[in-house]
Amino acid sequence: MVSFESDYTTGAHPEILKRLAETNLECLSGYGQDRYCQSAREKIRACCGLAEADVEFLAGGTQTNAVVISTVLADYEGVLAARTAHVSSHEAGAIEYTGHEVLELPQENGKLRPEDLEAYLAAFFDDENHEHMTFPGMVYLSHPTEYGTLYTKAELTAISSLCRRYGIPLFMDGARLGYGLMSRETDLTLGDIAELCDVFTVGGTKVGALCGEAVVFTKGNKPPHFMTSVKRRGALLAKGRLLGIQFDTLFTDGLYFRISRRAIDMAEELKAVFLRRGVPFYLASPTNQQFVILENSRMERLREQVAFSFWERYDNDHTVVRFAASWSTTEEDLAALDRALQA
């Protein structure tokens with residue numbers, strides 16, 4: 001069985017495992033106060049071009065989204081997100097569980113359109129009854145989106161400008177940020193994201209780490225007593241070194257970007273396999289996640305040899321499925337898929 005099920009189905013990149021083993025017997029302070037966490041913070045700040053950014057490390061993506069959103073929002077505020085956003089669709093109500101509503105907006109290929117955001121905000125504040133409603137207190141984007149698509153610099157600039165106009169922070173979920181930054185079609189840099197967003201995450205779990213997300217507050221806007229809030233939400237690791245060592249390794253000698261580029265290269269070869277075998281794409285994705293339409297009978301046959309993810313029903317006879325490439329995808333994996341599609 002060959003797997004394209006997700007980009008976190010294998011363990012950690014060997015360089016990370018090597019560093020974890022090398023540092024295993026060092027006695028280090030807990031809760032992210034060790035020298036590796038500090039080194040990782042400095043390296044991430046340097047990559048962002050923000051010497052004063054606040055960088056914190058949490059263990060997982062859903063956990064991070066829930067902590068960031070619930071600590072930034074006031075108790076009467078909700079978070080605006082595309083209907084297909086991770087916080088809307090695949091986080092089991094984690095945001096609502098914190099007491100904050102996800103205010104869903106239309107999407108186009110997974111993206112929140114600036115014009116839809118502007119229309120919502122204008123309508124909300126024009127409504128004389130808005131004091132009786134959930135206030136829009138944050139805008140959430142994921143980049144890449146849940147469909148592997150990317151915001152352009154113009155789109156992100158437009159959304160950021162709207163957020164500034166209405167005094168609403170912009171939060172980018174970068175669980176797969178490396179794949180967005182290394183896409184052959186992007187015009188966004190990490191520096192652009194740091195400038196245009198109020199807070200964003202740099203994902204480790206899906207980009208070569210065992211686990212971990214780095215949260216970057218870009219404008220001196222980290223909520224007061226953030227660590228206390230993280231602990232109250234059960235999200236603070238005593239052995240913070242586990243995250244610090246991983247991110248320190250990822251941001252040494254460009255490993256994070258090399259890992260991401262490798263996945264993009266494999267995804268381009270994955271596209272070629274589908275084209276060769278006449279498999280139609282659901283949409284055009286420039287990142288490591290590829291969405292194709294399979295006839296249900298063909299899908300069931302393929303599942304006997306290849307692991308992939310169900311995404312949504314296309315019609316009674318077809319299904320949209322996802323194939324994800326990662327740092328650990330090999331040419332042999334692609335050849336095995338090619339043979340399975342030929343059968």
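**Ser229**

I started at Ser229 and, leaving aside its neighbours within four places in sequence, found it in contact with Thr71 and Pro224. Contact here means heavy atoms within 4.5 Å. Before going on, I noted that this is a predicted model: local features need pLDDT of at least 70, side-chain atom pairs count only at pLDDT 80 or more, and totals for chains, interfaces and linings use all residues. Residues are numbered from 1 along each chain as its sequence is written, and side-chain values use heavy atoms, with hydrogens and water left out.

Ser229 sits in helix 10, residues 226-232. My helices (H or I, at least four residues) and strands (E, at least two) are DSSP runs, numbered from the N terminus. Is Ser229 buried or exposed? Its relative accessibility is 16%, so I put it down as buried. The cut-offs I use are under 20% relative accessible area for buried, over 50% for exposed, and partly exposed in between (1.4 Å probe, protein chains only).

Most residues other than glycine have a negative phi, and most peptide bonds are trans.

His225 has a phi near 55 degrees, positive in a residue other than glycine. I found His225 in the loop between strand 8 and helix 10. With a relative accessible area of 64%, His225 is exposed.

Asn109 is not a glycine either, yet its phi is positive, at about 50 degrees. I place Asn109 in the loop between strand 4 and helix 6. Asn109 comes out at 43% relative accessibility, so it is partly exposed.

**His143 and the cis bond**

Which peptide bond is cis? I found that the one from His143 to Pro144 is, with omega near 0 degrees. Pro144 belongs to the loop between strand 5 and helix 7, and His143 lies in the loop between strand 5 and helix 7 as well.

His143 has a relative accessible area of 0%, which makes it buried. I then listed what touches His143 beyond four places in sequence: Leu150, Tyr151, Met172, Asp173, Gly174, Arg176, Leu177, Gly180, Leu188 and Ile193. I also checked His143 against Gln63, 80 residues apart along the chain: their C-alpha atoms are separated by 17 Å.

Helix 6 runs over residues 114-126, 13 residues in all. From first C-alpha to last, helix 6 reaches 18 Å, close to the 18 Å expected at 1.5 Å a residue. That expected span is 1.5 Å times one less than the number of residues.

I wrote down the buried residues of helix 6 as Pro114, Asp116, Leu117, Leu121 and Phe124. Why do the buried residues of helix 6 line one face? Seen down the axis, they fall within an arc of 165 degrees, so they share one face of the helix. The arc is taken from the directions from the helix axis to the C-beta atoms. Their cover includes strand 3 (77-82), strand 4 (102-105), strand 5 (135-142) and helix 7 (153-166).

In the loop between helix 6 and strand 5 I looked up His132. At 72% relative accessibility, His132 is exposed. His132 and Leu25 are 107 residues apart along the chain, and their C-alpha atoms are separated by 56 Å.

**Helix 11 and helix 2**

Nine of the 10 residues of helix 11 are buried, so I call it largely enclosed by the rest of the structure. They are Arg241, Leu243, Gly244, Ile245, Gln246, Phe247, Asp248, Thr249 and Leu250. These pack against helix 1 (14-22), helix 2, strand 2 (54-58), strand 7 (199-203), strand 8 (213-217) and helix 12 (255-276).

I took a further look at helix 2 (residues 35-48) against helix 11 (residues 241-250): the axes come within 7 Å and cross at roughly 40 degrees. Axes are lines fitted to C-alpha atoms, for helices over the stretch in contact, with angles from 0 to 180 degrees between N-to-C directions. Helix 2 contributes Tyr36, Cys37, Ser39, Ala40, Lys43 and Ile44 to the contact, and helix 11 contributes Gly244, Ile245, Phe247 and Asp248.

**Ser328**

My last stop was Ser328, in the loop between strand 12 (318-324) and helix 14 (331-342). Ser328 is partly exposed at 22% relative accessibility. Not counting residues up to four places away in sequence, Ser328 touches Thr10 and Asp333. I also noted 8.5 Å between the C-alpha atoms of Ser328 and Arg262, which are 66 residues apart along the chain.
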